Amino acid sequence: RAVARALEIAKQAGAKRAMLLPVSVPSHCRLMQPAAERLAEHVRSIEFRTPRAAVLNNVDVAVYTDAASIRDGLTRQLYNPVRWSEIIHGMAARGVTTLLECGPGKVLSGLNKRIEPALRALPLHDVASLEQALDDTIKDEA
């Protein structure tokens, strides 16, 4: 009820688009803090190596280079808002030209094109789409 009411208020206030998202958990809000604490316990048991590429965190738009920061960032993402537009702008500013979206849809690819039109966004949903993206990327770099 509260979400439906919030959608109605947003529409009345002039929102261009307000819709329910088909999600199973309240990700990126304080309701997920207990789950994040449990996740932190599990993440501590995983061996992390120093990344070869920059790890840009969704919560604070900072680059992480050590295991402790990456672990902390992963758990904080569960209960903090994601700063997606800033992340996409940050990647473009760091010279990223192609974004790969892993999963069944292409919602983020469409969103990314609106945020940074110059970035190429490729949705990956199976092995064939991954192979095609890799082939296209190699051809573009040649």
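In this predicted model, helix α2 passes helix α3 in a right-handed crossing, a term used when the near helix is turned clockwise from the far one by less than a right angle, anticlockwise being left-handed. The protein has six helices and four strands, defined as DSSP runs of H or I with at least four residues and of E with at least two, numbered from the N terminus. Local features need pLDDT of at least 70 and side-chain atom pairs count only at pLDDT 80 or more, while totals for chains, interfaces and linings use all residues. Residues are numbered from 1 along each chain as its sequence is written, and side-chain values use heavy atoms, with hydrogens and water left out.

**Overall architecture**

- From the N terminus on, the order of elements is α-α-β-β-α-α-β-α-β-α.
- Along the principal axes, the C-alpha atoms fill a box of roughly 55 × 40 × 30 Å.
- Of the 142 residues, 25% count as buried, that is, under 20% relative accessible area, with exposed set at over 50% and partly exposed in between (1.4 Å probe, protein chains only).
- Among contacts (heavy atoms within 4.5 Å) with a separation of 6 or more, 44% come from residues 24 or more positions apart.

**Helices α2 and α3**

- Helix α2 (residues 33-44) and helix α3 (residues 67-77) pack at an angle of about 155 degrees, and their axes are 9 Å apart; axes are lines fitted to C-alpha atoms, for helices over the stretch in contact, and angles between N-to-C directions run from 0 to 180 degrees.
- The two helices are therefore roughly antiparallel to each other, as angles over 145 degrees are classed, whereas those under 35 are roughly parallel, those from 65 to 115 roughly perpendicular and the rest oblique.
- On the α2 side, Ala-36, Leu-39, Ala-40, Val-43 and Arg-44 meet Arg-71, Leu-74 and Thr-75 of α3.
- By class, this contact has five nonpolar, one polar and two charged residues; Ala, Val, Leu, Ile, Met, Phe, Trp, Tyr, Cys and Pro count as nonpolar, Asp, Glu, Lys and Arg as charged, and the others, Gly among them, as polar.
- Buried residues of α3 are Ala-67, Ile-70, Arg-71, Gly-73, Thr-75, Arg-76 and Gln-77, and what covers them includes α2, β1 (55-56) and β2 (63-64).
- Glu-37 lies in α2 and counts as partly exposed because its relative accessibility is 48%.
- The C-alpha atom of Glu-37 is separated by 15 Å from that of Val-25, 12 residues apart along the chain.

**Helices α4 and α5**

- The axes of helix α4 (residues 84-93) and helix α5 (residues 107-115) come within 10 Å and cross at roughly 65 degrees, so α4 and α5 are roughly perpendicular to each other.
- Helix α4 passes α5 in a right-handed crossing.
- Trp-84, Ser-85, Ile-88 and His-89 of α4 meet Leu-108, Leu-111, Asn-112 and Ile-115 of α5, a contact that divides into five nonpolar, three polar and no charged residues.
- Asn-112, found in α5, is buried, with a relative accessible area of 5%.
- Beyond its neighbours within four places in sequence, Asn-112 is in contact with Trp-84, Ile-88, Leu-99 and Pro-117.

**Cysteines**

- The count of disulfides is zero, a disulfide being a pair of cysteine sulfur atoms within 2.5 Å.
- Cys-29 counts as partly exposed at 25% relative accessibility, whereas Cys-102 counts as exposed at 65%.
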